[in-house]
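Hello,

Please find the structure below. My notes come after it.

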Amino acid sequence: MKLEQIILYDINSFLNFPSYKSFIIIVLIFFISPNESIGQTSNAKLDGFSINPKFGLYKAFEDKEGFTGGAELNVLKQNFLFSAEYYEFEEFVLFESPTEHFNQLGLMVGKYNDNGIFRFQYQVGLGLMWGVKRTELIIKDPPGFFNTQFESKDFIALGVATKIGFKIIPFSFLSIGIDLQANINLENTVFIPFISVEIGKLRY
């Protein structure tokens, strides 16, 4: 199967899930709500916002690991932190086929504390995960350089997403730090340490 066909299949499979439209509606409400609810004070202006590229390694509960990368969009208001995130995961494995790969969309809310230079933040929310994972063994240790073959299946799972972050803010527009994240679900629970670089309005 060509790469273009795989990408189109993943997109179409995701769009066909009933939860997709509901999830998009929740995303829109999620980013409107800071100004419409918490923002109903004498000062309705947001305190900050940022785009946050992130790269890291993941460890799955099923003893699998790999690489991940993606980005967050963050909104800060009165020490509350609202985040929407998207990540792609690619398993690192030798001599086993197919390779697992999956994606995550998440919405999180929490709080942060800082002194202008150092920031600690904690969040919880929902993470929608979908992709391909190996299942039953077909051929074990074939001769030559061929991979051990497995069956595979498409999956989708809604899990509890959690995050703890530690950031250094050397400038009002830039932070560097580490995020420790997890998505706990019934299909593919993962734990992820991320290197985080935020760009935006981080001080007020």
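The notes below go from confidence to rings, then to the core and a few loop residues.

This is a predicted model, in which local features need pLDDT of at least 70 and side-chain atom pairs count only at pLDDT 80 or more, while totals for chains, interfaces and linings use all residues. Residues are numbered from 1 along each chain as its sequence is written, and side-chain values use heavy atoms, with hydrogens and water left out.

Confidence

pLDDT is the predictor's confidence in each residue, from 0 to 100. The protein chain has a mean pLDDT of 81, and 74% of its residues reach 70 or more. Helices (H or I, at least four residues) and strands (E, at least two) are DSSP runs, numbered from the N terminus. Confidence is highest in strand β8 (residues 174-184), with a mean of 96, and lowest in helix α1 (residues 3-16), with a mean of 45. Over residues 1-11 pLDDT stays under 50, and the model has four contacts (heavy atoms within 4.5 Å) for them beyond four places in sequence. Where pLDDT is low, the predicted coordinates should not be read in detail.

Rings

Rings of Phe, Tyr and Trp (its six-membered ring) pair if their centres lie within 6.5 Å; planes under 30 degrees apart count as stacked, over 60 as edge-to-face and the rest as tilted. The count is nine aromatic pairs. In one of them, Phe 120 and Phe 166 are tilted, with 5.4 Å from centre to centre and 45° between the planes. This pair links distant parts of the chain, since Phe 120 is in strand β6 (residues 118-139) and Phe 166 is in strand β7 (residues 148-171), 46 residues apart. Both count as partly exposed (buried is under 20% relative accessible area, exposed over 50%, partly exposed in between, with a 1.4 Å probe and protein chains only): Phe 120 is at 32% and Phe 166 at 43%.

Ring pairs also join Tyr 58, Phe 89, Phe 102 and Phe 155 into a cluster. A charge sits over a ring if NZ of Lys or CZ of Arg is within 6 Å of the ring centre and within 35 degrees of the ring normal. Lys 133 does this over the face of Phe 155, at 5.9 Å from the ring centre. The charged end of Arg 119 sits over the ring of Tyr 112, 4.6 Å from its centre.

Core

A nonpolar core is a set of buried Ala, Val, Leu, Ile, Met, Phe, Trp, Tyr and Cys residues joined through side-chain atoms within 4.5 Å. The largest one has 10 residues, among them Tyr 58, Phe 89, Phe 102, Phe 155 and Phe 194. Two or more residues each come from β1 (48-60), β3 (80-91) and β9 (190-201), and β9 gives the largest share, three residues.

Loops

Asn 188 is in the loop between β8 and β9. Asn 188 is buried because its relative accessible area is 2%. Its contacts, leaving aside neighbours within four places in sequence, include Phe 102, Met 129 and Phe 155.

Pro 98, in the loop between β4 (96-97) and β5 (101-114), is partly exposed at 24%. Not counting residues up to four places away in sequence, Pro 98 touches Arg 134, Phe 150, Glu 151 and Ser 152.

Most residues other than glycine have a negative phi. Gln 78 has a positive phi near 50°, and Asn 79 one of about 65°. Asn 79 lies in the loop between β2 and β3.

Regards
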